[in-house]
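Colleague: Please show me the chain and its fold. I will ask a few things as we go.

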Amino acid sequence: MNFIDFKDRFFELGCFSTQQVYAWYPGFDRNNLRRWADRGWLIRLRQGYFAFAEYLRKPDFALYIANRIYRPSYISLHSALSFYGMIPESVVQITSVSPLKTMFFENGFGEYSYKSIKNDLMFGYAPHSMIDGRTLMLASPEKALLDLLYLYPFYDSIRDMAELRLDEDFMSDDFDFEKMREYLNRFSCIALDRRVSKLIKAYGL
């Protein structure tokens, strides 16, 4: 099989797995993927997952990949907070949460970190539309902030909360405190309750 025929079949997927390739063509020679990656036509995302090099130039495609190479998962923590403009820093590493074990991948699109949470905490996220019509699974602002305080317990003082530098206009106008309280109850975590109280004090909310 030549690369042009392969690209015609798989390009619109954005990224794909070797399982998808074998489902379409059981006799496919896996060495083709290695050769095409060596030539720079494909980007190896992790073992068994690839994307076409053209997608390196597509906006937000690095975020889209995060959901695809480790499932189930959704983008949260610093990446989601940055996406919403809640923190001033641009985030290099794309952070997600998953009920699977903690994992890290690095590829041509960036660095991908996955933090493990209990399966019953997999809520508070929804599909978010991208420019090209694809969707990515993204935590709500409220869930992203709770995930952060839950998974990073070193945010444990009023000073620590202030150093997050959350955007005060966003917190005043767009952040849903009722939704946060609803989500907080579902965590059933006393330590997280205390951290959220300190967060509220830090920002005078």
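Modeller: The protein chain has 10 helices and 9 strands. Both are DSSP runs, helices (H or I) of at least four residues and strands (E) of at least two, numbered from the N terminus. This is a predicted model, where local features need pLDDT of at least 70, side-chain atom pairs count only at pLDDT 80 or more, and totals for chains, interfaces and linings use all residues. Residues are numbered from 1 along each chain as its sequence is written, and side-chain values use heavy atoms, with hydrogens and water left out.

Colleague: What percentage of the residues count as buried?

Modeller: Buried means under 20% relative accessible area (1.4 Å probe, protein chains only). The protein chain has 205 residues, and the buried share is 46%.

Colleague: What is the strand order in the open sheet of 3 strands?

Modeller: Two strands pair if DSSP finds at least two bridges between them. The pairing here is antiparallel, and the order is S1-S3-S2.

Colleague: Why is one side of S1 and of S2 left without a neighbour in the sheet?

Modeller: S1 (15-17) and S2 (42-46) each have a single partner strand.

Colleague: Which residue stands opposite arginine 46?

Modeller: S2 pairs with S3 (residues 49-52) in the antiparallel sense over 4 bridges. In S3, the residue opposite arginine 46 is tyrosine 49.

Colleague: Which strands does helix H1 touch?

Modeller: Contact means heavy atoms within 4.5 Å. Helix H1 (residues 3-10) packs on the sheet, and the strands touched are S1, S2 and S3.

Notes
Buried means under 20% relative accessible area, exposed over 50%, partly exposed in between (1.4 Å probe, protein chains only). Axes are lines fitted to C-alpha atoms, for helices over the stretch in contact, and angles run from 0 to 180 degrees between N-to-C directions.
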